[in-house]
Amino acid sequence: MGRGKFKGKPTGRRQFSTPEQMMAGTSAGRPRTFKKEEAEIEEERSDIESEEESEDEPEKAKGTQGVIQIENPNLVKPKNLKARDVDVEKTTELSRREREEIEKQRAHERYMRLQEQGKTDQAKKDLERLALIRQQRADAAKKREEEKAAKEQKKVETRK
């Protein structure tokens with residue numbers, strides 16, 4: 001019994017192709033599925049070339065599509081377009097979410113502009129509060145100066 005990585009199978013031994021056979025493309029070392037896939041790829045290429053040539057012809061409708069013209073809202077439309085198919089002048093319509101988002105941003109900008117001008121209720125309240133705080137600070141500073149002056153006066157009187 002032989003040892004090693006590859007064990008003998010009842011179908012036969014492993015066959016290795018030589019470099020000459022590989023260059024010539026006559027090696028039997030490739031699985032049959034690879035040959036089938038290559039054949040399919042070649043067919044697709046030839047189909048694409050023939051489609052490009054027959055692009056002027058209208059597409060034939062399958063089944064009843066040619067008889068009945070319907071707008072299916074659930075029909076998935078291709079999202080990616082080729083560069084030659086893109087219509088530059090066509091404006092794309094925004095989705096509902098995008099429209100709402102833009103409206104929300106515009107409303108926020110408008111509110112902030114009014115806020116800066118002091119025309120909104122919130123801005124008026126803020127300005128009133130700010131004026132009150134300024135008044136309180138001015139009164140406190142005035143009081144501190146008076147107390148300071150009074151201390152200075154006391155010091156001068158005690159020295160005499």
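Accessible areas here come from the Shrake-Rupley method with a 1.4 Å probe, and on that basis the chain of this predicted model exposes about 17,300 Å², of which carbon and sulfur atoms supply 50%. The chain has four helices and zero strands, so that its elements, read from the N terminus on, run α-α-α-α. Of the 160 residues in the chain, buried residues make up 2%.

- Helix 3, which covers residues 96-117, has 22 residues and reaches 32 Å from its first C-alpha to its last, a span close to the 32 Å expected at 1.5 Å a residue.

**Thr 120, between helix 3 and helix 4**

- Thr 120 is found in the loop between helix 3 and helix 4, the latter spanning 121-159, and Thr 120 counts as buried because its relative accessibility is 10%, where the cut-off for buried is under 20%.
- The side chain of Thr 120 reaches the backbone nitrogen of Ala 123 at 3.2 Å.
- Leaving aside residues up to four places away in sequence, Thr 120 touches Tyr 111, Leu 114 and Gln 115.

- Ile 70 lies in the loop between helix 2, residues 32-53, and helix 3, and Ile 70 counts as exposed because its relative accessibility is 66%, where exposed means over 50%.
- Together with Val 67 and Ile 68, Ile 70 makes a nonpolar surface patch of about 340 Å².

Key: Residues numbered from 1 in each chain as written. Predicted model: local features only at pLDDT ≥ 70, side-chain atom pairs only at ≥ 80, totals over all residues. Heavy atoms only, no water. Patch = residues over 30% accessible without salt bridge, like charges linked within 9 Å, V, L, I, M, F, W, Y side chains within 5 Å. Salt bridge = Lys/Arg side-chain N within 4 Å of Asp/Glu carboxyl O. Helix = DSSP H or I, 4+ residues; strand = E, 2+ residues; numbered from the N terminus. Buried < 20%, exposed > 50% of the residue type's maximum accessible area, 1.4 Å probe, protein only. Expected span 1.5 Å × (residues − 1). Polar contact = N/O pair within 3.5 Å; in protein donor to acceptor, adjacent residues only side chain to side chain. Contact = heavy atoms within 4.5 Å.
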